[in-house]
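Good morning, and thank you for the time in this meeting.

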Amino acid sequence: MSPFRGSNGIAFGPDGRLYVAEYLGGRISAIDLATTQVEIAVPADGPVQSPDDLAFGADGSMYITDLVPGRVWRRDPHGDYTLVSDEVKVPNGIACVGDRLFVNEMRVGGRLLELFPDGREPVVLAEGLMLGNAMQLGPDGCLYYPHMLTNEVFRIPLDGGTPELVAEDVHEPVAVRFDREGVLMVLSRGVDGIVTRIDQGQRKIITTGVMCLDNAAFDSDNRMYVSSYASGGIAEVHPDGRTRQVVPEGLAGPYGVTVDTGGAVYTADHYRVVKPTGPELAIFTHGIVAAKGQLHVTSQYGDVRTDGTTRASGLNRPMGIAVRDDGALVVAEAGAGRVIAIDTEVTVVASGFTSPMDVAFDAEQRCYVSDETGAVHRIDDGVAIASGLAAPQGLAVHGDELFVVEVGLHRVLAIHLQTGERRVVAADLPLSPERPRELFVHGMPGCPRRFVGLAVAPDGSLHVSGDGTVLRIPQEIG
């Protein structure tokens, strides 16, 4: 289990520790690399909501890009926070050059700006960025930054001018970094963990195997440390691509969970699907179900996919998903307050809910839906199976009982479908904390809503997506 829910921007602080921003976790932690001890430096309950990158100024202040609300913060050496700017859209890459502060925007047509902590108006150095991200001052005194969408790296003088193309056809660039010898290193956000080393125009491809690289930092001995936005953790990368895991990888959520007929467990982990055979990139997945040899997922972007093929798009926050006996996919569309079926077309099964989160079928193919406002409904006859629940989400049916994750009370409840009798199956569960509700910001995905999935295995055991874990709850088959 990793202490990080994905790891994003990293930088060495004045105290020699490596600081790690967690966009999904809403925190910044500090690692003592000698002991691997992790300490939270910026907690999730503070003013910073979704830290994506960070840099340190000459006076030891930490500057943070807060992506979802579009803010840039200064945390001084005493731990006090000051808002530097709320005028940057999707702020991501950040760099300090002495007392000067630079930030870019991760959006189409984004800007690179110089910001002033004393309140002066920002200065735009460049426009038209195609998704900016992690950037750094080069040995020539220019800022280097990636265009994620066009696979290019540019540079620009600190006082502005015409951006100059430095490298093209770079593999999915997400971060631009220089090692202690001034060699340009470009990290890839792809599945193979590629680092492109560019030294005097000569390229060398280093394959690390670290899925979905996000950022890098070099210590005083020129050792390279990298983060992964999908799997978290921190790894040291050797020049030949070998890695040493310093902080373990783990799950970013997880969100939905499913168990196939053979007992294999799969989980939707926001950036990927975690399978018994290893993780597979599947961006912004939340709901998941395995049926008849196929894997179906819902996406934060409003898509529903079957084995990578899009079945529906443009939905409003689709969450839990189940498969009906006739093969149709049934989805809780939380943002639209309805349950839909997807076959050759999309049809509305039921509507009028406040925030439907998950769906499940019993042996007679009657459909149940959890509404996060406190109830579980049987759609077929309009009966409220249970009410007064504390934020019900994940659903599963086994035999005569319906199981529901009561997120507000951190427990799993069993409800007898005939008698309505309730029993607590498991309590005090470590469930993922709630994150801000903004899903999209300036066209880019924001922090996901919490979604706690539930699945029943062939042996009757329950599986719940916890905080960085999938929990197995044994059940006797009656």
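A strand, as I use the word today, is a DSSP run of E of at least two residues, and strands are numbered from the N terminus. A residue lines a pocket if it has an atom within 4 Å of one of the pocket's points. Please also keep in mind that this is a predicted model.

I begin with the division of the chain. The domain assignment gives domain 1, residues 9–247, and domain 2, residues 256–473. The C-alpha centres of the two domains are 35 Å apart.

Next, the largest pocket. Its volume is about 890 Å³. Which residues are the closest to its centre? They are Val289, Ala290, Val323, Phe361 and Val456, out of 37 residues in the lining. Several strands give two or more residues to this lining, among them S25 (257–259), S32 (318–323) and S46 (454–456). Strand S28 (278–291) is also in that group, and S28 gives the most, with five residues. By residue class, the lining holds 22 nonpolar, nine polar and six charged residues.

Strand S32 brings me to the sheets. Strands of a sheet pair through backbone hydrogen bonds, in either a parallel or an antiparallel manner. Here, S32 belongs to an open sheet of four strands, in the order S32-S33-S34-S35, with antiparallel pairing. Why is one side of S32 and of S35 left without a neighbour in the sheet? S32 and S35 (346–351) stand at the edges and each has a single partner strand, so one side of each has no neighbour there. From one strand to the next, the twist averages 25°. S32 and S33 (residues 329–333) are joined by four bridges, and Ala322 has Val330 in S33 as its bridge partner.

S42 and S43 form a hairpin with five residues between them, and Gly420 in the turn has a positive phi of about 80°.

Finally, the aromatic side chains. The structure holds seven aromatic pairs. In one of them, the ring centres of Tyr229 and Tyr271 are 4.9 Å apart and the planes stand at 75°, so the pair is edge-to-face; the cut-off for that class is over 60 degrees. This pair links distant parts of the chain, 42 residues apart. Tyr229 lies in the loop between S22 (224–228) and S23 (234–237), while Tyr271 belongs to strand S27 (residues 270–275).

Thank you for your attention.

Technical notes:
Residues numbered from 1 in each chain as written. Predicted model: local features only at pLDDT ≥ 70, side-chain atom pairs only at ≥ 80, totals over all residues. Heavy atoms only, no water. 1 Å grid on protein atoms, 1.4 Å probe; cavity = no way out; pocket = protein on both sides within 12 Å on 5 of 7 lines; lining within 4 Å. Points joined across faces, edges and corners; volume = space filled by probe spheres on them. Nonpolar A, V, L, I, M, F, W, Y, C, P; charged D, E, K, R; others polar. Domains from an automatic or database assignment. Pairing = 2+ DSSP bridges. Axes fitted to C-alpha atoms, helices over the stretch in contact; angles between N-to-C directions. Phe/Tyr/Trp six-rings, centres within 6.5 Å; stacked < 30°, edge-to-face > 60°.
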